[in-house]
Amino acid sequence: MDYYKRALELREETISHRRWLHSHAEVGLQMPKAQQYVMEQLKNCGLSPRPCGHGVTAELGMEEGRTLLLRADMDALPMPEESGESFACPTGTEAHACGHDFHAAMLLTAAKMLKEDEAALRGRVRLMFQPAEETFEGARDMVSNGILDGVDAALACHVAPGRMPVGLFMYNSGGTMMFSVDGFRITVRGKGAHGAYPQDSVDPINIGVHIYLALESLIAREADPGKACVLTIGNFSAGSAPNIIPDTAILQGTLRTNDRDSREKLVRRIREVSQKTAEVYGGAAEIMTLSEVPPLICDPGMTEQAVRYVKELPISGLTPVPDMSASASEDFAVIAERVPSTFLYLSAGYLDERGDASAHNPRVRFNEEVCPIGSACLAHCASRWLEENQYESAVLPQH
């Protein structure tokens, strides 16, 4: 099948999927509207979808051969939308400001095309419609419910807004594509007192300030300067009255790195420094892990295969951009850590003022001309990968 030609024929259908998901945005693990919509659309294609954790999965292709996973996240962000689009989410509290509505819509169309071409497939395609990527919970949720059982390799795409033309596809076959993310909450426990009698207190705010400064020093003096390490404390809260020293203070933040060894060291040191600093000032610190996502490192061989397949598509102006790397994080890394995987970024921007807002901005806008490109890439790469890898061993070595 000429997947790009067919994707162009299905362009309006893909856009319709995207706009429905966009206007019915949901966040987190619980996504009943999206789950039901995706299952209905897959059934309409002749597939037999089922829940997998809080997500949706389905399979197609021949029983024999290898299995390739195609993954799309479908969750939104807990924020208002100011895009001005006629199909904007009306709630004021959810917005598809990262493009996951595109990912799910493009995979629905890819699934339809692959089902139409099922007899030509040389293996199995497993679909993964994932919730909660933004909270870094969704991939682990579906992995724990068996989404990777029997899977040999995986592929995902992500759209990118901004001042750039549609037609770029970005990849990384030789290094870290996206950073790890370890979210944490530090609860500092002290002893409250009246502000007039600070000697009777163990001030958790004072302790928290010293922890904050000590954590900043980790990056300055303990992180390898040859690696990228970003530590951010984005929340510091304590007390409710100006003249009362509270019992507790809370710091919340994230650590992001592009290096596994740096990540392991700094996660350990955040805990040690926080606890020891609190002890110096007579208090205690408890550290809770909020997220644990490794760096996204794509399989070099599979990535080069995918790039070659994408170049085969008859798409005018399609331009490869190698060595893409970003300090943002993506929980597809949980998949890539377990099976050989690759991840492609597809430009979905505008060259005019519509491209001024970035992802996670309430005014961000994405160009729907990317829809047939993304659908074709997913379907064509799946078909070609199964064709070229059908005779290899049933299970690839895992990372």
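Helix H6 (residues 204-221) lies across strands E8, E10, E12 (248-257) and E13, and runs at about 175 degrees to E10. The structure is a predicted model. The four strands form an open sheet in the order E10-E12-E8-E13, with antiparallel pairing.

- Strand E8 (residues 181-189) runs antiparallel to E13, and nine bridges join the two.
- Within this part of the sheet, Gly183 stands opposite Ser291 in E13.
- Helix H7 (residues 260-280) also lies across E8, E10, E12 and E13, running at about 160 degrees to E13.

- The model contains 31 salt bridges.
- One of them joins the side chains of Arg189 and Glu286, with an N to O distance of 3.0 Å.
- Arg189 belongs to strand E8 and Glu286 to strand E13, so this pair ties together parts that are 97 residues apart in sequence.
- Arg189 has a relative accessible area of 39% and is therefore partly exposed.
- Glu286 also counts as partly exposed, because its relative accessibility is 42%.

- The side chains of Arg18 and Asp101 meet in a salt bridge at 2.8 Å, N to O.
- This pair links distant parts of the chain, 83 residues apart: Arg18 lies in helix H2 (residues 11-23) and Asp101 in helix H4 (residues 100-116).
- Both Arg18 and Asp101 are buried.

- Arg384 forms a salt bridge with Glu388, and their closest N and O atoms are 3.2 Å apart.
- Both residues lie in helix H10 (residues 371-389), where they are four residues apart, about one turn of the helix.
- In an α-helix there are 3.6 residues a turn, so residues three or four places apart point the same way.
- Arg384 has a relative accessible area of 14% and is buried, since the cut-off for that class is under 20%.
- Glu388, at 30% relative accessibility, counts as partly exposed.

**The buried side of helix H2**

- Helix H2 has 13 residues and reaches 18 Å from its first C-alpha to its last, close to the 18 Å expected at 1.5 Å a residue.
- The buried residues in H2 are Thr14, Ile15, His17, Arg18, Leu21 and His22.
- These residues lie on the same side of H2, because they cover an arc of only 155 degrees around the axis.
- The partners against which the buried residues of H2 pack are helix H3 (32-44), H4 and H10.

**A proline in a loop**

- Pro242 is located in the loop between E10 and strand E11 (244-245).
- With a relative accessibility of 87%, Pro242 counts as exposed, because the cut-off for that class is over 50%.
- Pro242 and His194 are 48 residues apart in sequence, while their C-alpha atoms are 9.8 Å apart in space.

Terms used
Residues numbered from 1 in each chain as written. Predicted model: local features only at pLDDT ≥ 70, side-chain atom pairs only at ≥ 80, totals over all residues. Heavy atoms only, no water. Pairing = 2+ DSSP bridges. Contact = heavy atoms within 4.5 Å. Axes fitted to C-alpha atoms, helices over the stretch in contact; angles between N-to-C directions. Salt bridge = Lys/Arg side-chain N within 4 Å of Asp/Glu carboxyl O. Buried < 20%, exposed > 50% of the residue type's maximum accessible area, 1.4 Å probe, protein only. Expected span 1.5 Å × (residues − 1). Arc of directions from axis to C-beta.
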